[in-house]
Amino acid sequence: MSEFCHRQAAHCESGVVSAMLSHHGLPISEPMAFGLASALSFAYLPFVKIGGMPLIAYRMPPRWIIRKASKRLGVRFASKTFRNQKRGMAALDRLLDEGRVVGLQTSVFWLPYFPDEMRFHFNAHNLLVYGREGDDYLISDPVFEAPVRCPAADLQRARFAKGALAAKGLLYYPVHVPQEIDYASKVPAAIRLNEKIMAHAPFRVLGVRGIRYLADNLIRTSRRRDARKRLPLYLAHIVRMQEEIGTGGAGFRFLYASFLQESAEKLDSQALADAATALTAAGDRWREFALAAARVSRKRSDMNIETLADLLRDCSAREAEVWAQLRQWLHSDEVKGNAD
Amino acid sequence: MQRREVPQDAERSTYGGHRKLVYAVDDAGHYTGVQSQGWEAESEATRLAIEEFETLRDEAWLRAHNGLTSPLEVHMYDRRMDVPLLAGASGIWRWRVRRHFDPSRFARLPRRILQRYAEALGLDVATLTRLPARRSRDL
């Protein structure tokens, strides 16, 4: 097998899929991996609490990308979790000795190479291990510019951290990788599923309706009795969910727009190119919202909450429009006959 | 987002000198990955979250110093955890974790329980049972 080549990505899971498949002879970009997995979403989940705040997700839950991308592309992964930590480490060593590149799910907090300010408790980070040198593991962490190293004891702690989304030492590697992708059928199938997720979600806290729900919720929060204390923290929380958690900007909107653009080129489709441009514009509105929200949170701006909420409603309307365009494309002659 | 609009706010960045990849379009409208040194909006939000944990820790430290809570609560916030997180990481129910904030109960805990907290917090038992020096963060 050829020498492993590190490539930086915006998001850990799509980055791992892209790097791993490319390494095994199926070149695929990060946006393409993300898009083919139909991973874009929006969800406001009030009962999943993070530091007392609701979970706000801009993509499908952890492990979705690996599962969906491999299913759609016909890739087969072997994966294994461990009860016994020693065995989990030994299994990793064995695979590395065979010359494999191994994917791991880990906690972020216990990885010493993360800058202190980026260390929070999130158990569903993904990274690749491509070798070992003395006590150090050689790691290709997709969100970093260059390969990094991690001592064995720290890696073990990161793999076996307990709690929500606990990895239980999960490791995975591909056992079968096809050598090409039939874009003409896979892209429409992926977009069709994503259209369902965003435009036809069964609950009003999901999809484009969920974005409006968040806007309303923002206003409700501003009327709470403890708003003075809670509102700044809540705004900061939203911004972090949108920008900090490896999203490639604007809560994965730019990443998905890049996928639409790449697909437009592959399929020579003007409709997809237009949808990419429209989603980019929606992404720009998200960035505008984040900047304004951060300033309000720090009391460096006196923009009122109503205006802030309107920005979100505009994001929702723009995205609804993008999915309407894509739905039209799915029903056009360009797609018919190619569907999966 | 245009390529030249990709923020490079290195000064107050929370990336610790690293650069993150974001996706932006060039002049021809073509998407590329662009490295960013930091963004004001993001770093402000991150800082606020970190400061919140530091405030909680300092408040807990004072209370622990006055015998009103156990060192466990101080260590918990020091590791950027809250009660649900610590409960998950140690496998001890939330209401029990809260009870263990009582200094006299905490002092009587068997080593077996202390060991579980120590492991979840990445400390040894001796450090766990001691109140750290003020504002220490031994990561």
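Domain bounds, as used in these legends, come from an automatic or database domain assignment. The structure is a predicted model, in which local features need pLDDT of at least 70 and side-chain atom pairs count only at pLDDT 80 or more, while totals for chains, interfaces and linings use all residues. Residues are numbered from 1 along each chain as its sequence is written, and chains are lettered from A, with ligands numbered from 1, in the order in which they are written.

**View 1. The domains of chain A and chain B.** In chain A the assignment gives domain 1 (86-169) and domain 2 (183-330), and the centres of these two domains of chain A, taken over C-alpha atoms, are separated by 31 Å. Chain B is divided into domain 1 (3-38) and domain 2 (48-129), with 38 Å between the centres of domain 1 of chain B and domain 2 of chain B, again taken over C-alpha atoms.

**View 2. The overall form of chain B.** Chain B has seven helices and two strands, where helices (H or I, at least four residues) and strands (E, at least two) are DSSP runs numbered from the N terminus, and along the sequence they follow the pattern β-β-α-α-α-α-α-α-α. The radius of gyration of chain B, taken over C-alpha atoms, is 21 Å, well over the 14 Å that the globule rule (2.2 Å times the number of residues to the power 0.38) gives for 139 residues, so chain B is more spread out than a compact globule. Along the principal axes, the C-alpha atoms of chain B fill a box of roughly 70 × 25 × 25 Å.

**View 3. The side of chain B that touches chain A.** Here 35 residues of chain B are in contact with 44 residues of chain A, two residues being in contact if their C-beta atoms, placed from the backbone, lie within 7 Å. The elements of chain B that give two or more residues to this side are β1 (20-25), α1 (40-65) and α3 (83-90), and α1(B) gives the most, with 10 residues.

**View 4. Helix α6 of chain A.** Helix α6 (residues 183-199) of chain A has 17 residues and reaches 23 Å from its first C-alpha to its last, close to the expected 24 Å, the expected span being 1.5 Å times one less than the number of residues. Its buried residues include K186(A), P188(A), I191(A) and N194(A), and what covers the buried residues of α6(A) includes α2 (30-36), β1 (40-50) and α11 (305-330) of chain A.

**View 5. Contacts of L128(A).** Leaving aside its neighbours within four places in sequence, L128(A) is in contact with residues including V16(A), M20(A), V101(A), G103(A) and I139(A).

Key: A residue is buried if 20 or more other C-beta atoms lie within 10 Å of its own, exposed if 12 or fewer, and partly exposed in between; C-beta atoms are placed from the backbone.
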